[in-house]
Amino acid sequence: MKLRTTSFPLAMLFLGALFFTTNTLPAQKKKKKKELVEETTKKKTKEKTIDELVKSSEKLEGLFTIYRDTVNGSIQLLVSEDQLNKEFIYFTQVANGVTDAFSFRGAYRGSRIFTIQKYYDKLEFVYENLSYYFNPDNALSKSSNANISEAPLASFKIEAHDAEKELYLIKASNLFLKETLSQIKPPNFPGRKPTDFSLGNLDKDKTKINSIKNYPKNTNLTVSYVYSKSSVLNGGSQAVTDGRNVAIQMYHSFIDLPENGYKSRFDDPRVGYFFTSQNDMTSVNAANYRDKIHRWNLVKKNPEAAISEPVEPITWWIENSTPLEFRETIKQGVLEWNRAFEKAGYKNAMVVKVQPDDADWDAGDIRYNVLRWTSSPNPPFGGYGPSFVNPKTGQILGADIMLEFVYHTNRVRVEKLFDAITAADSDKEIWNNEGHNQINCSYGHMMQFNTQFGQTVLELVDANPLEMEGLRKEAMLELIMHEVGHTLGLNHNMKASQLFSPEELDNPEFLKGKALVGSVMDYTAINVANDPENQGPYYSTTIGPYDEWAIQFGYQEFEDANEMENLLNKSTKPELIFGNDADDMRAPGKGIDPRVNTGDLSNDQIAYSLKRIDLVNGMFGKIKDKYADKGSSYNDLRIAHAILMGQYAQAGNVISRFIGGVYVDRSTIGQEGSTMPFTPVAYKDQKRAMEALNKSFFSKEAFKTPNDLYNYLARQRRGFNFFGGPEDPKIHATVLRFQTNIMRHILHPNTMQRIQDSELYGNSYDLGEFMTDLNKGVFEADIYGSVNSFRQNLQLAYTKKLIDILVGKSNYTNAAKSMALYNLKAINRMANNSSGNVTSRAHKTHLRTLISNAMEEIK
Ligand SMILES: [Zn+2]
C-alpha cells in the first residue's frame, strides 16, 4: 500500500468547519442542527447497494466483472478488495482506423502496468513507472520513488460497497469513452500546416463501447472513438468517408499478471532483440542497463531431454480472411522457425492452425496469435509483426502479423516506394504515443520494390507463369519469416546480407537449401542473376545461421552464465554478423558502417550494385518492345521504366556509403576473433566506390535510357484528375534527384567530419583526395566544351552544394569549408572559357556568377 499525503483533505475539513461556524448564528443553531440530522439520515437511506445499482444491467463476469446497463449501455465495474494495489497489465491496439490519423488496423500501442488504489471514497487508476530498478538489498532502494513520476489516470467515486463480499462498484464508462487509458488523437506535430488533415474533438455522444468480452484472465473492450468538427478544409484521403466525423476503433485489454516462474533474460548488444529498457539505479556501472529482452515463455515438457516439446507451444492462427492460395506459404514461413527452436532444445515450438470460418472469436482477442490479412488503402506497411509483453519481465504474451494484399500487387506507385525505402525510418510516419522500442517494419515496401523488379526481369525473358509464381511465393515466404521473427522478439539485422560473395550468389548449385543471408531479419535486395543461366533463389526460403543462433540466445535453457557467454562469443563468426536499424545507412548521413544497409546484397556490395546497374542498363532498351500489347495503355511501360530507375538509384545509394565509411565491430574486449570497434573502409574500396559513382551517376554516359522511350512513358488516364501535376515525363528532375541523393550522403556534414577524423585512425582516402576526385568527376569531361543538359544540372547542383558548405547554415567542419572554397575556385577557373554551344556558355556564366556571389558573402 502506498503512503499518500492527507494534508489536503484535512485542510478542506478545517476550512469547511470554519465556514460552518461563522455562518451559524446562535438563534438558528437548533433548527439548523435538526435539519442537518434529517439530511444525513435521508442521505443514508438514499445510499444504494451494489445489487440495487446494477439491477437494470447485464452482468459480464471475468477478470473484472462489468455490468452493462441494458437501456443506455453505460457500464459499471466491480473491483474486489484483493484487486486493490495489485498489478495488472493494460494493453491497447487499433482495431480499425485511418492512416490519415496515424491509426491503422493491428497497430500495437505498447503495454503498461497499472494498479487500482483506494483513496477514501474513491478508486484511482495509476500507471507504474518501470524504467528504474532498485536492488532491494541496497539501502538506496528505500528512496526508490525519488523524482520518478507515476501517472494517476483517473479517479472514480465508489458508488456502492459490499463490506461482506469486499466489493466496490464504480461507474467506469469514462475510463473507456474518454482518452483516459491511452491517447488516440495524434498531437499537433510541430511543422504541421493548418491545411493538413486533422481530427475534430472527441464527440462524447457518438463515442461508444462496441463490445465487451470477458475472460477469467483478461477483460477486453472495443471502443469506437468519434472525432467531430463542423467544417473541414482537408477532408483526408479517400479512406476517410467524411472528414467531419472520423471513427477510430480501439481494443483495450486488462490482463492478469502471469505467475509462471518466467525468468527475464537481459539484452546483449551482439544479438538483436527488442527489449524493455530499465536502468539499475543502485549500480555503480556507467552502463547500468537491465534491459529485458522480449521472448515467449517456453518450458520443456520433459526438462531432462535435450530436445523436448514445450508445455505450451507458440500457436499461430491463419485468419479466415487469408486468400486460400497463400495459406500454405504462410504456414511454411512460420514453421521454418522450428529449425531454430530445435537448436535451442524445443521441438514443435511453433504450431499453425487455421481460424475456422465460423469462429466465435476475432483477431482482436488477445488469447489468439493471428496471421492477419488486409487489403487497405494507403497501407503503412506490407507486413507488420507486433508483439505485446509483460513490461515487468519482457515475456511476450501475444502477437499478430498484419499482411497487406497491396504489396503483392503492382498497385503502389513505384516513386512512392523508392521514397519509402530511403526514408530514415518509417516510424516517423507512424505516431506511437507509448514510445516503446519496437521499430515499425517497412520490409513490405522493400519487398515490393524488389519483387516488381524481379517480375520485370522475368517478363523480359518471357518466363513462364510458373516461374513468376515461384518468385512471388519466395517473396512471400521471406516476408512471413521476417515478420514472424519480429514476433519472436528479434529486431532487424541489416548487416546479415554480407553472408555470400557475388559469385556464390550466382551459383544455384551452391545456394541449394541455403538462406541467401545470415538472417531473414535484413531488408535484402532481390537476388537476380544477370545471366538467367545463373539464376538461383531470388529470396531466402529458409532462416539463416544468425537466426538460429539468436533464437538459441533467447530461448535455450543455459546451465550457467558461462554457457550463455560461450554462445555469445560466437558473434565474431562472419555468418553471425549483426547491426540493426540504429546503425543502418539507408538515409543520407545516417550510420557509419556501409555493411549495415538495406536493399543491398553480398559481401561485395559495390561489385553487386555495379552488376545490377549493368543489368538495368541492358533492360532500358528492351522494355518498349516488351510492353507493347495491342489495345493496352502505356501504364505498364511507364511503371517498368520507374522500376528500373529505382533499382539503379538504390545501387548508387549502397555504393556511396563506402566513402568515409567505418566498419563497426560489436564484440567485447578480448573476444576471440574480434577486431577493433572502429576500422575505416580500405583505401581501395573507397576509391572504387568513388570511381563507380563518377562513372554510373555523374558521367555523360550514366543512365542509358534510349531517348525514344520517353515519348511513351504515359500513365493511364482517369477522368480529370489522374495525376497531381503535368503528365509529361520529368526526366531531368528524376536523374538529378538520384544524383543529389548520393551527394546528400557523401557531402553530408557527418560524412565529411568522419573522413577527416578517421584519417587519424587508418583512413587513407583523405578529404583532399576525395573532394578532388569528385570535382574532377563532375567537371573534367566537358567543362572545356559543350555540357549536356544532365551534366549542367549536376554541375549546378554540386556547385550550389559547395556554396552551401562554405556559407550555408549547416554545421560543416573547417576542413570541409576549406575544400569547398578550394573546389569553387577550381570550378571558376575551369568554367572561365567561352567554348561550346550557347546553353553551355550560359551555363558556365551561371556557374561563375554563383561562385562570385558566394565569394562576396565570405569577404
Ligand atoms: Zn522488419
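**Close-up views of a predicted model**

Arginine 270 and aspartate 268 are both buried (buried: under 20% relative accessible area; exposed: over 50%; partly exposed: in between; 1.4 Å probe, protein chains only). The model is predicted: local features need pLDDT of at least 70, side-chain atom pairs count only at pLDDT 80 or more, and totals for chains, interfaces and linings use all residues. Residues are numbered from 1 along each chain as its sequence is written, and side-chain values use heavy atoms, with hydrogens and water left out.

**View A. The salt bridge of arginine 270 and aspartate 268.** The closest N and O atoms of this pair are 2.8 Å apart. A salt bridge here is a side-chain nitrogen of Lys or Arg within 4 Å of a carboxyl oxygen of Asp or Glu. The whole structure holds 32 salt bridges.

**View B. A salt bridge between glutamate 87 and lysine 392.** Their side chains meet at 2.7 Å, N to O. The pair links distant parts of the chain, 305 residues apart. Glutamate 87 sits in the loop between strand E3 (75–80) and strand E4 (88–96). Lysine 392 sits in the loop between strand E21 (387–389) and strand E22 (396–404). Helices (H or I, at least four residues) and strands (E, at least two) are DSSP runs, numbered from the N terminus. Lysine 392 is partly exposed, at 29% relative accessibility. Asparagine 390 belongs to the loop between E21 and E22. Asparagine 390 is buried, at 3% relative accessibility. Its contacts include Ile89, Ile113, Leu257 and Pro258, with residues up to four places away in sequence not counted (contact: heavy atoms within 4.5 Å).

**View C. A salt-bridge network of Asp581, Asp584, Arg586 and Lys590.** Lysine 590 pairs with aspartate 584, the closest N and O atoms being 3.3 Å apart. Aspartate 584 is buried, at 0% relative accessibility. Shared partners join the four residues into one network.

**View D. The largest nonpolar core, with 136 residues.** Such a core is a set of buried Ala, Val, Leu, Ile, Met, Phe, Trp, Tyr and Cys residues joined through side-chain atoms within 4.5 Å. Trp337, Phe341 and Phe770 touch the most other members. Helix H16 (residues 635–656) gives the most to this core, 10 residues. Domain 3 (314–765) and domain 4 (766–859) both contribute, so the core lies between them. Those domain bounds come from an automatic or database domain assignment. Tryptophan 337 touches, among others, Met350, Met481, Val484 and Leu488, leaving aside residues up to four places away in sequence. Another core, of 43 residues, lies apart from this one; Leu60, Tyr90, Phe156 and Ile248 are among its members.

**View E. A nonpolar surface patch of Phe678, Leu760 and Tyr761.** Together they have about 360 Å² of accessible area, from the Shrake-Rupley method with a 1.4 Å probe, where for residues only the protein chains shown count as cover. Patches are made of residues with over 30% relative accessible area and no salt bridge; like charges are joined within 9 Å, nonpolar side chains (Val, Leu, Ile, Met, Phe, Trp, Tyr) within 5 Å. Leucine 760 occupies the loop between helix H19 (749–758) and helix H20 (767–779). Leucine 760 is exposed, with a relative accessible area of 76%.

**View F. Positive phi at asparagine 85 and aspartate 462.** Most residues other than glycine have a negative phi. Asparagine 85 has a phi of about 65 degrees. Asparagine 85 lies in the loop between E3 and E4 and is partly exposed, at 33% relative accessibility. Aspartate 462 has a phi near 55 degrees. Aspartate 462 lies in the loop between helix H8 (443–460) and H9 and is exposed, at 57%.
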